Amino acid sequence: MSVPEQIEAITDVERAARGLGSVTGRAATLDAIAQDGATNDADPVLPSPMRGNQEASNWAGAGNSVLLDDFYWMYDDGVGSPNADCSVADPTWCWGHRDNILSSYDSPLMMGAAVAYGLAAIRPAS
């Protein structure tokens, strides 16, 4: 599987394990947005307005393993984790990556995924 296919698959596994709706598939437009984020080493710039009830993005700088990125997003995203937006002083964005993966999106759930030089970006949207 390609890295974007792996990102889609592990996202679907995490959602299915919790009884959430599965990822219907990836959209070329969302893949392009994710690729822009991965190429620029940052969260993708999301168009406004987006279709559906909400949108979110996850970005990983480690990027050498989809399973490692998933581990950080899902299981090590709180205080003391690699999540630079999470701190004791401001826990607002702690577990934000996990929330992005497990959120209740309108159906059909479409996503984009990309990788650039070991950097992965994920972009789910409904």
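Here is a quick tour of this structure, from its overall layout down to single residues.

What you see is a predicted model, where local features need pLDDT of at least 70, side-chain atom pairs count only at pLDDT 80 or more, and totals for chains, interfaces and linings use all residues. Residues are numbered from 1 along each chain as its sequence is written, and side-chain values use heavy atoms, with hydrogens and water left out.

**Overall layout**

- Reading from the N terminus, the elements of the protein chain come in the order α-β-α-β-α-α-β-β.
- The protein chain counts 126 residues, and 43% of them are buried; that label means under 20% relative accessible area, while exposed means over 50% and partly exposed is in between, using a 1.4 Å probe and protein chains only.
- Take the contacts in the protein chain between residues at least 6 apart in sequence: 61% of them join residues at least 24 apart. A contact here means heavy atoms within 4.5 Å.

**Two helices side by side: α1 and α3**

- Packed helices are described by the angle between their axes and the distance between the axes.
- For helix α1 (residues 3-16) and helix α3 (residues 66-75), the angle is about 35 degrees and the axes are 10 Å apart. The axes are lines fitted to C-alpha atoms, for helices over the stretch in contact, and angles run from 0 to 180 degrees between N-to-C directions.
- The crossing of α1 and α3 is right-handed, which means that the near helix is turned clockwise from the far one by less than a right angle.
- On the α1 side, the residues that meet α3 are Val3, Gln6, Ile7, Ile10 and Glu14; on the α3 side they are Val66, Leu67, Asp70, Met74 and Tyr75.
- Sorted by type, this contact of α1 with α3 has seven nonpolar residues, one polar and two charged. In this scheme Ala, Val, Leu, Ile, Met, Phe, Trp, Tyr, Cys and Pro are nonpolar, Asp, Glu, Lys and Arg are charged, and the others, Gly among them, are polar.
- For a closer look, pick Ile10 in helix α1. Ile10 counts as buried at 16% relative accessibility, and it touches Val66, Leu67 and Asp70, leaving aside residues up to four places away in sequence.
- Ile10 and Leu67 are 57 residues apart along the chain, yet their C-alpha atoms are separated by 7.6 Å.

**Strands β1 and β3**

- Strand β3 (residues 109-116) has six of its eight residues buried, so the rest of the structure largely encloses it.
- Strand β1 (residues 23-26) runs parallel to β3, and three bridges join them; two strands count as a pair if DSSP finds at least two bridges between them.
- One of these bridges pairs Gly25 with Met110 in β3.

**Salt bridges**

- There are three salt bridges in the structure, each being a side-chain nitrogen of Lys or Arg within 4 Å of a carboxyl oxygen of Asp or Glu.
- Arg26 and Glu8 form one of them, at 3.5 Å from N to O. This pair ties together distant parts of the chain, with Arg26 in strand β1 and Glu8 in helix α1, 18 residues apart.
- Arg26 also meets Asp31, at 2.9 Å from N to O, and Glu8, Arg26 and Asp31 are linked in a network.
- Within that trio, Arg26 is partly exposed at 27%, whereas Glu8 is buried at 19% and Asp31 is buried at 18%.
- Glu14 and Arg18 make another salt bridge, with their closest N and O atoms 2.8 Å apart. Glu14 is buried at 5%, while Arg18 is partly exposed at 31%.

- The peptide bond from Ser107 to Pro108 is cis, with omega near 5 degrees. Pro108 sits in the loop between α4 (96-102) and β3.
- Asp41 is not a glycine but has a positive phi, near 60 degrees. You'll find Asp41 in the loop between α2 (28-39) and β2 (58-60), partly exposed at 42%.
- Trp95, also not a glycine, has a positive phi of about 65 degrees. Trp95 lies in the loop between α3 and α4 and is partly exposed at 34%.

Notes. Helix = DSSP H or I, 4+ residues; strand = E, 2+ residues; numbered from the N terminus.
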